[in-house]
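Trainee: Could you take me through one part of this model in detail, and then connect that part to what surrounds it? I would like the cut-offs stated as you go.

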Amino acid sequence: MSPQLQNRLTTAVKRFLDIFWVIFFSLAVIWPIVVIVVGLHIPPDPADRHTDVSAFLSFKVFTDASSELAADPAAEGSLLLSGKGDVLLNNTKSNLAWWVAGAISEAMLLIFLFGLKIMRRLFTSLAEGSTFTDENAERMRRIGFVFIGFNVIKPVMQYIGSRMLLADMATSTPGVELYPAFEMSIAGIFAGVAIIVLSGVLREAIAMAKEQELTI
């Protein structure tokens, strides 16, 4: 890749990061306001609510047990399907589902913004021609920790939040069993570790380059 093309690509990536920063920074400011305003106006009766929130849960769906009760009064139906994913909730006793979902979204957005801020500084430095510097090595290391932190904190918060929501469920659906789910992205954690390793390699290369300059 020619230096001119590389510089153009670096500048283009920096501009995209700047646009993303403005968009997501605005969301980080506006979202808490939306959560508070909407949360204060949610009807107390679950039947009147239209603020469905998404929670990451494991679920099991059973077939209708009515035909099996005659032979076995304890029958609960056969397992039809099971899995885990985002489930819409709107029948909690309180407005807890809305507040928990809003808090988790905001926390993840702030972590993402922190990583995006570091990436903007990194590509700004690259666009200015400063590539092999200790500052860039440190920025790469921090980006790696952000990757790891995001992929560890998110499932933990989802698990804790789902336990709180299920404990606050006002009703249950016959034939459907919901329970907390925990799913950690190994690929995301591995990517973070790989970036940290690369930052260490870059730091060593910078140190070797400085030693050669002093020797010459």
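Mentor: The expected span here is 1.5 Å times one less than the number of residues, and helices (H or I, at least four residues) and strands (E, at least two) are DSSP runs numbered from the N terminus. The model is a predicted one, in which local features need pLDDT of at least 70 and side-chain atom pairs count only at pLDDT 80 or more, while totals for chains, interfaces and linings use all residues. Residues are numbered from 1 along each chain as its sequence is written, and side-chain values use heavy atoms, with hydrogens and water left out.

Just after α2, Gly 129 adopts a positive phi of about 95°. The C-alpha atom of Gly 129 lies 8.4 Å from that of Asn 7, although the two residues are 122 apart in sequence. Asn 7 belongs to helix α1 and, at 37% relative accessibility, counts as partly exposed; on this scale buried means under 20% relative accessible area, exposed over 50%, and partly exposed in between, with a 1.4 Å probe and protein chains only.

The partner to consider next is helix α3. The axes of α2 and α3 come within 10 Å and cross at roughly 175°, where axes are lines fitted to C-alpha atoms, for helices over the stretch in contact, and angles run from 0 to 180 degrees between N-to-C directions. That makes α2 roughly antiparallel to α3, a label given to angles over 145 degrees. Sorted by class, the contact of α2 with α3 has 20 nonpolar, five polar and four charged residues; Ala, Val, Leu, Ile, Met, Phe, Trp, Tyr, Cys and Pro count as nonpolar, Asp, Glu, Lys and Arg as charged, and the others, Gly among them, as polar.

Turning to the aromatic rings, the structure holds four aromatic pairs. Rings of Phe, Tyr and Trp (its six-membered ring) pair if their centres lie within 6.5 Å, with planes under 30 degrees apart counted as stacked, over 60 as edge-to-face and the rest as tilted. One of the pairs, Trp 21 with Phe 25, is stacked, at 5.6 Å centre to centre and 25° between the planes. Trp 21 and Phe 25 are four residues apart in helix α1 (residues 3-40), and therefore separated by about one helical turn. Another of the pairs, Tyr 159 with Phe 182, is edge-to-face, at 6.2 Å centre to centre and 85° between the planes. Because Tyr 159 lies in helix α3 (residues 134-167) and Phe 182 in the loop between β3 (176-180) and α4 (186-215), this pair ties together parts that are 23 residues apart in sequence. Tyr 159 is partly exposed at 29% relative accessible area, and Phe 182 is partly exposed at 41%.

On the strand side, Val 87 sits in strand β2 (residues 79-89) and counts as buried at 19% relative accessibility. Beyond its neighbours within four places in sequence, Val 87 is in contact (heavy atoms within 4.5 Å) with Val 53, Ser 54, Ala 55, Leu 57 and Phe 59.

For the chain as a whole, four helices and three strands run in the order α-β-β-α-α-β-α from the N terminus.

Notes. Parallel < 35°, antiparallel > 145°, perpendicular 65-115°, else oblique.
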